[in-house]
Amino acid sequence: MSSSTATPPRRIETVRFARPTTAQEDEKPKPRLSVKYDVLLHDQLRKNTKGPWCPSFSVAFRILVLIRFCSAIYSNISDCDEVYNFWEPLHYLDQGYGFQTWETSPVYSIRSWAYIALHLLPARAVRLLNLDKRQSFFAVRAALAILCALCESKFYRAVVEKVNPHVGRYTLFLLATSTGMWSASSAFLPSSFAMLCNMIAFSYALDLPSRLNNQRTFTAILFFALGGIVGWPFSLAVSIPFILEELFVYGKDKIKPEAYSAWIAGRWARLVQGGLLASLLLVPVVAIDSLTYGKLTFTPWNIVRYNIFPSSSTGPELYGTEPWYFYLLNLVLNFNIVLPLALLSLPALLVTRFVEYKRLGPRPMADESSPFVLLTIRLAPFYLWSAILTMQPHKEERFMFPIYPLLCFNAAVALYLIRGWMEVVYIKATSSPYKASRSLIFGTFTLWVILITSFISISRTVGLIKYYHAPLDVVFHLQNIELPRLLNVTNLLITPTPAEPVDDGKKWVSTSKYEEDEKHQVDLSPLKTFGGLKLCYGKEWYRFPGHYLIPEGVQA
C-alpha cells in the first residue's frame, strides 16, 4: 500500500479598495416624516415622530367612489317625493312624458327646473350609446356617486389638514361606512345636492379666517349659496356660524385696539361682496324656472313662503307631523353609535378645555382668537340644524341630509377628545408619558369603535337592500321576466340565434338570448304592437320607482 500526504489549501488574500465618495453620498438619508399641518387639535403623544397614516385625496376618492357606485346600483328610493318631484320631471325633459305633481305646477312652482335640468346631461349621454332608458337612470345615479365621492374626499382632506389627522381618518371611515351617507349619496334630491355643496363649503370654512385669505371667504360663500339657491334654500342656515366667524372672529389676524374699526369694516365689506357675487347664481335659476313655468318665478322664495308663511289651507303640516324625538330615532338607525358621539362633541370640547387645554394649542393673547371658540364654531352647525328641524312639526329623513357629513365630523372630534382623556388618565396612573406613547390601548380603543359602528352600519345597509328593495325588484322582474314571457306566449318574441357548440371534450349546454339576469337583453320593441300596455299600481302608487325603470311600450 502506498500512502499520500494531503496538500493544505492555499490561502489567498485580497485587497479591496473603497470607491471615492462625495460628501452628499456619505450623509445618511433622514427618515421622511409626515407633513405637519397648522391644525386646531394637537396630539400630545409622539409629537416629534411620524404622524398617523392618512390616505391621500386620490386614495380616499378611489375608496369612496367604489362604495358610492355600489350605492348607485343597489340603494333604494326611500322617498316617493324623489320619484314624483325629480325623476318624473327629468323623464319628461328626456323622454317627453311623465307624471306631474302640484309642486311642479305653475300654481305653486316650488320645485326648480334648473336643478332638475342639471341631471339631463348624464341621462342624454346614455342615449348616445343606444342604450335604453333604464341605463339612463343608473347613469344619473353614477354621476351623483362620482360627485359625492369627490366632495367627500375634499372634505376629508380639509379635516386632516385643518383640524387633526386622527380626526380626518375617523371622519373618512365614518363617511365611507355609514348607512346615512349610503342613502344620501346617490339620492336625486335637493337636500342631497345641498349636502354636496356644504362639504365643499366647509372644506374651505374649516380654515381660519384672515384678511389675507379671500379665497376662503368667497369660495365658501359661493358653495353655501349654490346649495341654497339651486338646491334647498333652508340649507343656508348651516352657514350662520361661518358668517358670524367671518364678521367677528380674528382667526389668523392679530388686531390692535386702534385698528379694530377698520378691520371689522373690511370683514363686513368682504362678506357683502361675496354675497353679491354669489347672488348672481339667481340669474340662470330664475331664467330657467321662469321659462318652464311661463311666468316670472323665484323658486327659492316660493319654497320658503309655502313652508314658513303658509295659508290656512297650505303648509307642510298637511303631510303629517312627528314628535320631537323623530330625528333622534331616525339618526340612530342610520348612524347608530355615531349619533351619541356627535351629540357629545361640544360637551367633550368643554371638558377638554378644563382638563387638557394644551390639546387645543397655546392659550391666546388678547389680540388672538381662542382655539376653543374656533372649534366650537366648526361644531355648531350640526347642533343648529338639528335644533331648527326638531322644532318643525313636519319631519322627514331627507331633511337631515345636508348635515350628514358634519355629523360624522362632530363624532370624529368627540372620539379624538375621548382618546385624549384616556391618555391623560394613563399618564397620571403611570407617571410616564413614554409608556403612554408606546401603549396600544388608545389606538385599539378607537379602532374598535370604528369597527363596531361600521359593522352595525353595514348590517343596516344590507338589511335595506334585502328587505326593502322590492319596488326596484318588481320592475326588474317586469322587464326581464314578465314582458318576455308575454311576448313569448303571443309569438312576438324575437328568437335569438343559438350559440355555436364548441367541441372541447366537455358537455355543451345551449344558451338562449334571455337569461334571468341582465347579461343578455330581450328585444322588447314588439310591445308597441299592443297599442300601449298599462301598468297599474293602485294603492301602491307611492312605491312607483319612476318611468325610467318602466320599459318603452308600457305606461304606468
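I303 is buried, with a relative accessible area of 8%. Buried means under 20% relative accessible area; exposed means over 50%, and partly exposed is in between (1.4 Å probe, protein chains only). This is a predicted model, where local features need pLDDT of at least 70, side-chain atom pairs count only at pLDDT 80 or more, and totals for chains, interfaces and linings use all residues. Residues are numbered from 1 along each chain as its sequence is written, and side-chain values use heavy atoms, with hydrogens and water left out.

I303 lies in helix α14 (residues 299–308). Helices (H or I, at least four residues) and strands (E, at least two) are DSSP runs, numbered from the N terminus. I303 touches I110, P233 and F234, leaving aside residues up to four places away in sequence. Touching, or contact, means heavy atoms within 4.5 Å. I303 and E103 are 200 residues apart in sequence, and their C-alpha atoms are 9.5 Å apart in space.

**The whole chain**

The protein chain has 21 helices and two strands. Of its 556 residues, 47% are buried. Take the contacts with a separation of 6 or more: residues 24 or more positions apart account for 76% of them. The chain exposes about 29700 Å², and carbon and sulfur atoms supply 64% of that area. Accessible areas come from the Shrake-Rupley method with a 1.4 Å probe; for residues, only the protein chains shown count as cover.

**The cores**

In soluble globular proteins, nonpolar side chains tend to be buried together. A nonpolar core is a set of buried Ala, Val, Leu, Ile, Met, Phe, Trp, Tyr and Cys residues joined through side-chain atoms within 4.5 Å. The largest one here has 111 residues. L41, F155, V167, Y404 and F409 have the most contacts inside it. Which helix gives the largest share of this core? Helix α18 (residues 404–430) does, with 13 residues. Apart from this core lies another, of nine residues, including V65, A149, Y156 and A176.

F409 shows how such packing looks up close. Not counting residues up to four places away in sequence, F409 touches F155, V159, V163, V167, T171, L206, R378 and L379.

Helix α2 (residues 57–74) has 18 residues. Its first and last C-alpha atoms are 26 Å apart, close to the 26 Å expected at 1.5 Å a residue. The expected span is 1.5 Å times one less than the number of residues. The buried residues of α2 are A60, L64, V65, R68, S71 and A72. Why do they sit on the same side of α2? They do so because they cover an arc of only 125° around the axis. The arc is that of the directions from the helix axis to the C-beta atoms. Their cover includes α6 (133–162), α7 (165–177) and α8 (179–185).

Helix α12 (residues 260–278) has 19 residues, which should span 27 Å at 1.5 Å a residue; its end C-alpha atoms are 27 Å apart, which agrees. W263, I264, R267, R270, L271, G274 and A278 are its buried residues. They fall within an arc of 120° seen down the axis, so they line one face of α12. Cover for them includes α10 (214–231) and α11 (240–248). On the face turned away from the buried side, α12 carries the exposed residues S261, A262, L276 and L277.

**Loops and cysteines**

Most residues other than glycine have a negative phi, and most peptide bonds are trans. S109 has a positive phi of about 45° although it is not a glycine. N130, also not a glycine, has a positive phi near 60°. S109 is found in the loop between α3 (80–95) and α4 (113–117). N130 lies in the loop between α5 (120–128) and α6. S105 lies in the loop between α3 and α4. S105 touches Q100 and Y293, with residues up to four places away in sequence not counted.

The structure holds zero disulfides. A disulfide is a pair of cysteine sulfur atoms within 2.5 Å. C151 is in none: the nearest cysteine sulfur, that of C148, is 6.8 Å away.

| Residue | Relative accessible area | State |
|---|---|---|
| S109 | 2% | buried |
| C151 | 10% | buried |
| S105 | 13% | buried |
| N130 | 71% | exposed |
| C536 | 72% | exposed |
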